[in-house]
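Please take a look at the model below. A short report on its chains, domains and packing follows.

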Amino acid sequence: MTETVVRQNRIARNADRVGMAAMIVASICLVALGAHWVSGPMVSVVVLVLLLVLGGVLGLAITGGPEARRLLAPYGLLKPGMLWLALFFLAPVWSLLRISLSTKESRFSVKYNFNWAFQNYATAFKDFGKQFEHAFVYAAIATVLTILIGYPLAYVIAFRGGKYKNILLGLVVIPFFTSYLIRTIAWSTILADRGFVVRALNAVGLGNVFEWLHIMDNGKLLNTPAAVIGGLTYNFLPFMLLPIYVSLEKIDVNLVNAAGDLYSSATRAFRKVVFPLSIPGVFAGTLLTFIPAAGDFVNAQFLGNPNTTMIGNSIQDQFLKQNNYPVASAMAAVLMVSIATLVLLYTRIFGTEDLA
Amino acid sequence: MGESASDVIVLDHVSKRYGDFVAVHDANFSIATGEFFAMLGPSGCGKTTTLKMIAGFEQPTAGRVMLDGVDVSDVPPYKRNVNTVFQQYALFPHMTVFDNVAFGPRSKKLDEAKIKTSVMEMLEIVRLSDFAQRKPSQLSGGQQQRVALARALVNYPSALLLDEPLAALDLKLREAMQIELKRIQREVGISFIFVTHDQGEALTMSDRIAVMSQGHVEQIGTPQEIYRSPASLFVAGFIGSANLLPGTVQSHDGADAVVALKAGSTIRVAGQASAHAVGAHVSVMLRPERLRPSEQADANGQSLYGTLTDLVFQGATARMIVRLADGTELTCLADSSARMPQIVVGATINVSWDVDGGYILSGWPEKAGSNTTDIDHIESTL
């Protein structure tokens with residue numbers, strides 16, 4: 001009797017370790033189920049382990065007293081998110097990596113043999129280098145453009161918006177009430193060869209200038225790299241603008257006044273005070289814009305041509321049309337790793353304490 | 001108004017309008033080099049607008065702002081040799097204390113070695129040398145305040161403008177900073193122009209005070225002048241506490257004026273006959289500390305009778321509220337260590353004062369009797 005009580009007390013005192021162990025075991029069970037590590041009767045065993053672990057922690061929380069519950073609470077709160085990520089992120093990534101190293105018996109087979117088939121990666125680089133390049137170059141240009149367009153806009157709304165601030169922000173967000181796809185398709189109408197933009201440009205004689213700038217190609221605006229980059233810029237502008245706006249909005253106007261008072265011209269005040277304080281916004285905006293833009297396939301599909309295909313289009317094509325899961329998976333893995341590397345580098349160079 | 005060579009700032013009939021609203025009306029005064037000058041008034045009186053016009057953040061609609069003898073009315077802030085300490089300090093949060101203080105000299109593109117010496121010197125004066133590499137967020141309110149001071153003073157401006165600099169500090173720290181500010185001002189010898197709504201602060205620190213109300217400068221003078229001889233009913237009520245008794249000038253007796261109070265009695269006020277004609281509507285100001293409450297009438301002075309309605313012991317002093325026959329309430333501040341008469345609440349007592357204890361002001365007050373602001377401040381400052 002006393003021995004059981006002592007044992008129970010010991011478990012209760014170590015409840016945080018129990019909670020962490022339970023979370024890890026449950027996550028592994030879910031990944032095992034999601035990624036098909038087990039099959040047949042073993043599935044029921046894993047499900048049973050999962051239920052036992054979760055039930056055990058619940059039991060400990062109920063019987064362990066307030067101290068045990070206090071120690072378990074953080075893991076209890078972490079669990080929904082962790083388990084969700086285990087099932088819907090870790091398991092698919094595992095499957096993706098596994099398939100990227102598999103081969104198919106034939107083009108029409110649905111069975112994959114895992115055999116460390118690194119040639120999938122070789123294929124991904126060899127055949128789709130151009131598309132990777134497009135993805136990163138277009139996304140980078142679009143990101144720079146969203147900063148150039150979004151920063152001044154956010155600045156004006158934050159510092160000169162006055163009572164119209166909310167209306168102006170509303171105007172920025174309003175396009176989101178229409179589907180992303182429809183807005184992009186709308187651009188293909190606007191930029192069409194016989195659309196008013198092309199006609200207007202030619203009428204005022206700017207056609208040649210745009211041609212010279214490589215924005216237009218043989219009198220066409222649609223289906224050019226410029227159209228794809230323009231579409232990306234348009235679609236991701238709010239993701240750049242809003243974080244910049246938030247960081248500018250937080251800046252006390254008196255800081256600008258103080259800089260002026262301390263003999264700084266408006267330009268120097270901006271350079272030394274306003275801009276440094278808005279860097280966290282630019283940083284967040286860059287991540288929110290560059291990452292999805294690099295994986296985007298909608299803009300290239302509707303506004304581009306076969307020579308502007310981005311890696312997103314190729315992955316979609318390999319998965320859904322060519323049914324070539326191994327190479328498609330390899331491409332997706334490369335895209336993921338490259339973006340992660342670029343973001344890490346970017347964070348190292350420009351990251352601020354506020355975001356870390 | 002006479003301009004002298006030692007005046008660092010001259011406001012020459014300066015007005016500021018926003019549409020129909022007159023924020024500052026015809027401000028016309030000058031501030032001498034090395035002077036500690038306060039602009040005092042309730043919020044919305046135009047004191048901050050006046051400060052902003054001196055700093056250059058606002059332009060006057062009429063009149064001129066002169067700095068070191070030069071008209072700077074249209075010169076932007078960054079080209080004026082004045083610096084401001086902002087109400088919430090406005091320290092640059094992304095810079096260290098050193099970089100904050102060095103901001104002004106670096107704007108002027110001074111030599112970096114010289115900047116380092118002068119910044120460290122100034123940090124020495126405000127006693128923050130050990131904090132040079134901290135960020136403002138790592139400092140206490142009082143320390144941030146001193147960084148703001150150093151950041152402004154390091155530029156050796158012609159004048160330093162302070163906008164309610166102590167408002168964000170708690171009472172103890174505020175009192176310590178009042179003394180600290182005075183010390184720093186003496187040490188650097190620069191004119192300080194100080195905006196506050198706290199009359200105690202203004203009385204403690206200033207060489208001269210400009211009392212403002214509704215855009216008008218009501219009076220400019222030393223703290224003593226303003227306290228003893230206020231120029232208007234507003235000043236009398238705003239600075240310290242005052243008992244204002246409405247009445248009519250009945251006659252002149254040599255230099256003294258005889259005033260028939262609306263409360264019923266007739267009293268004599270020394271030395272003000274020439275300023276107020278017979279028959280004029282006036283108010284007699286009686287400062288609470290000049291009144292002597294007692295059981296018997298005081299043969300030497302002027303006196304009124306009333307009922308004691310409240311008696312508050314405040315340590316060094318005792319505050320008494322006496323209601324006169326017509327309902328007017330007077331506040332008396334008596335030395336509590338003196339022989340306290342056997343006065344109890346509800347008793348009829350006599351309040352007396354010397355002939356030179358009263359002061360006559362033109363006009364009748366909105367509210368007769370006691371006009372108390374913050375009595376604790378008067379005590380701490382007088």
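A residue is buried if 20 or more other C-beta atoms lie within 10 Å of its own, exposed if 12 or fewer, and partly exposed in between, with C-beta atoms placed from the backbone. By that count Leu288(A) is partly exposed, because 18 other C-beta atoms lie within 10 Å.

## Basis of the model

This is a predicted model: local features need pLDDT of at least 70, side-chain atom pairs count only at pLDDT 80 or more, and totals for chains, interfaces and linings use all residues. Residues are numbered from 1 along each chain as its sequence is written, while chains are lettered from A and ligands numbered from 1 in the order in which they are written.

## Domains of both chains

Domain bounds here come from an automatic or database domain assignment. In chain A the assignment gives domain 1 (2–100) and domain 2 (119–350). Their centres, taken over C-alpha atoms, are 41 Å apart. Four residues of domain 1 of chain A are in contact with seven residues of domain 2 of chain A. Contact means that the C-beta atoms of two residues, placed from the backbone, lie within 7 Å.

On the domain 1 side of chain A, the touching residues are three nonpolar, one polar and no charged. For these classes, Ala, Val, Leu, Ile, Met, Phe, Trp, Tyr, Cys and Pro are nonpolar, Asp, Glu, Lys and Arg are charged, and the others, Gly among them, are polar. Chain B is divided into domain 1 (7–228) and domain 2 (241–381). A distance of 38 Å separates the centres of these two domains of chain B, again over C-alpha atoms.

## Where the chains meet

15 residues of chain A are in contact with 17 residues of chain B. Two elements of chain A give two or more residues to this side: helix H11 (253–261) and helix H12 (266–294). H11(A) gives the most, with six residues. By class, the chain A side divides into seven nonpolar, five polar and three charged residues. Helices (H or I, at least four residues) and strands (E, at least two) are DSSP runs, numbered from the N terminus.

Leu288(A) is found in H12 of chain A. Leaving out residues up to four places away in sequence, Leu288(A) touches Phe239(A) and Pro243(A). Leu288(A) and Val25(A) are 263 residues apart in sequence and 33 Å apart in space, C-alpha to C-alpha.

## Helix crossing in chain A

The axes of helix H5 (residues 119–160) and helix H15 (residues 325–350) of chain A come within 8 Å and cross at roughly 75 degrees. Axes are lines fitted to C-alpha atoms, for helices over the stretch in contact, and angles run from 0 to 180 degrees between N-to-C directions. H5(A) and H15(A) are therefore roughly perpendicular to each other. Angles of 65 to 115 degrees count as roughly perpendicular, under 35 as roughly parallel, over 145 as roughly antiparallel, and the rest as oblique.

H5(A) contributes Asn120(A), Tyr121(A), Thr123(A), Ala124(A) and Phe128(A) to the contact, and H15(A) contributes Pro326(A), Val327(A), Ala330(A), Met331(A) and Val334(A). The class tally for this contact is eight nonpolar, two polar and no charged residues.

## Chain B and the cores

Chain B has nine helices and 21 strands. Its C-alpha trace spans about 75 × 45 × 35 Å along the principal axes. Of the 382 residues in chain B, 44% are buried. Helix H1 (residues 47–55) of chain B is mostly covered, with nine of its nine residues buried. Just after H1(B), Gly56(B) takes a positive phi of about 105 degrees.

A nonpolar core is a set of buried Ala, Val, Leu, Ile, Met, Phe, Trp, Tyr and Cys residues joined through C-beta atoms within 7 Å. The largest has 114 residues, and Val101(B), Ala150(B) and Ile193(B) have the most contacts inside it. Helix H4 (residues 141–153) of chain B gives the largest share of this core, six residues. Beyond four places in sequence, the contacts of Ile193(B) include Ile31(B), Phe37(B) and Leu161(B). A second, separate core of 48 residues includes Phe128(A), Ile157(A), Leu222(A) and Phe239(A).

## A loop with positive phi values

His214(A) lies in the loop between helix H9 (207–212) and helix H10 (225–249) of chain A. Its phi is near 60 degrees, a positive value in a residue other than glycine. His214(A) counts as exposed because it has 10 C-beta neighbours inside 10 Å.

Asn218(A) is placed in the loop between H9 and H10 of chain A. Asn218(A) has a positive phi of about 55 degrees, although it is not a glycine. With 7 other C-beta atoms within 10 Å, Asn218(A) is exposed.
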